[in-house]
Amino acid sequence: MVSTKILLYKHKTLKNGTHPIVMQVLYNRKRKVVTLGFHAKTSEWSEKKSRFKRTVTDSQVKNSALQRFDLLAQKIVNDSILSGKPFSFTEFQRKFTGKQTESHDFFAFSQELIDEMLVAGKVGNRSVYVNVRNSLKHFVKGTLNFEDINVKFLNKYEVWLASEKYDRDGCGSASISQYMRTIRAIFNKAISREMIQPELYPFRNQFNPKGYSLSHLKSEPAYRALSVEELDKFKGFDVEKNKDLANPYHYFMFMYYCRGLNWTDLCHLKRMDIKNGRIYYTRKKTKKKFSIKISEPLQNILDQFDKSALYVFPILSSFHKTPTQKQNRIKKCLKQVNSDLKLIAMKLDIEPNLSTYSARHTYAMSLKRGGINMNIISDALGHADIQVTRHYLSRFEDEVIDAADMVL
């Protein structure tokens, strides 16, 4: 419950011996005061009425002004209750004083974070933040303050993202979840930097049980691991007869034999990372270091590419110097490689929903089919713990269950 009251602030004494008159705001056992521009001596103030005594010069005019302050404070509190968002001292002060500070500008702070990411070389994250900022600008078509973003706003934004007004096909649940998580991250950063008050946080937590929740947006992508038969077909793909598809084929098989190597890590792999019959690299996503022995299949693939080049595979080159250049190149090539992999799948008459992710998934399932201990699989994949691995592999259980059904 929020309560407001005008009082003589005796904790502070001015040079002329008077005390400032303030609006006191109480919420959740916390108190904030806003100065009203008046001051008085203790003898000039009525504690009971929270007004100047009649004996004070111009007391009627001053008390009328205080009455308007009382009404304004109550209106702000009532509006806050009707809006359905948690009460915020910061928003109260902004509306009460009529002042708007730049620190509450959501777009300005978002741009500040985007600029920081550019300097830090965090191209992937920066791209997401830019997309979210541009999307919100399209949605609101004007200014946007942290105080404007509440449960009602986020619900409307979610509906808009999913509609044809945002995109011809609408935004999927996974993409909407990413946008909302980004907005949440921006709020968390603003609060941690003490730019806004925690009361403005519009997302559900222990202090705001009625806040906006992302739980209904959770959706997992369609994971795809090649079956034993499909993998055999894929390994037997005739590269000589399909030379235009040789590179994407070799990329896929290299990722498979290299412990489910991630696409981004494959692109960044340099010749200098190959030493003494081993491949050394640090995974971009987790920063975990890997040392992989070069098997015969891996060596056969390596022999297909220029050993004098800076990078192992002809995706990045010395031309790509900045993180942005590298990121753009990697994304462009990924789109083409995934398209080529689907074409290979069609030529082999296997399920066409194939992508670079499938190499990692297939590697994991191959180990499981081979009866490899779960702890070893977890370590090979670079997972934080075995529970992550169990959840990861559970996505491909249909194949195992289907095989079991064959004995019926």
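At the start of α5, a side-chain oxygen of Asn-150 lies within 3.2 Å of the backbone nitrogen of Lys-152. The model is predicted, so local features need pLDDT of at least 70 and side-chain atom pairs count only at pLDDT 80 or more, while totals for chains, interfaces and linings use all residues. Residues are numbered from 1 along each chain as its sequence is written, and side-chain values use heavy atoms, without hydrogens and water. Helices (H or I, at least four residues) and strands (E, at least two) are DSSP runs, numbered from the N terminus.

**Helix α5**
- Helix α5 (residues 151-162) has twelve residues and spans 17 Å from first to last C-alpha, close to the expected 16 Å (1.5 Å times one less than the number of residues).
- Its buried residues (under 20% relative accessible area, 1.4 Å probe, protein chains only) include Phe-153, Tyr-157 and Trp-160.
- Among the elements covering the buried residues of α5 are α4 (123-140) and α6 (173-192).

**Helices α8 and α11**
- The axes (lines fitted to C-alpha atoms over the stretch in contact) of α8 (residues 246-257) and α11 (residues 323-347) come within 9 Å and cross at roughly 95°.
- Therefore α8 is roughly perpendicular to α11 (65 to 115 degrees).
- In contact (heavy atoms within 4.5 Å), Pro-248, Tyr-249, Tyr-251 and Phe-252 of α8 meet Val-337, Asp-340, Leu-341 and Ile-344 of α11.

**The sheet**
- Three strands form an open sheet in the order β6-β7-β8, with antiparallel pairing (at least two DSSP bridges between two strands).
- Strands β6 (274-275) and β8 (289-293) are at the edges, each with a single partner, so one side of each has no neighbour in the sheet.
- Two bridges join β6 to β7 (residues 278-282), and Ile-274 has Ile-279 in β7 as its bridge partner.

Note on methods: Buried < 20%, exposed > 50% of the residue type's maximum accessible area, 1.4 Å probe, protein only. Polar contact = N/O pair within 3.5 Å; in protein donor to acceptor, adjacent residues only side chain to side chain. Axes fitted to C-alpha atoms, helices over the stretch in contact; angles between N-to-C directions. Parallel < 35°, antiparallel > 145°, perpendicular 65-115°, else oblique.
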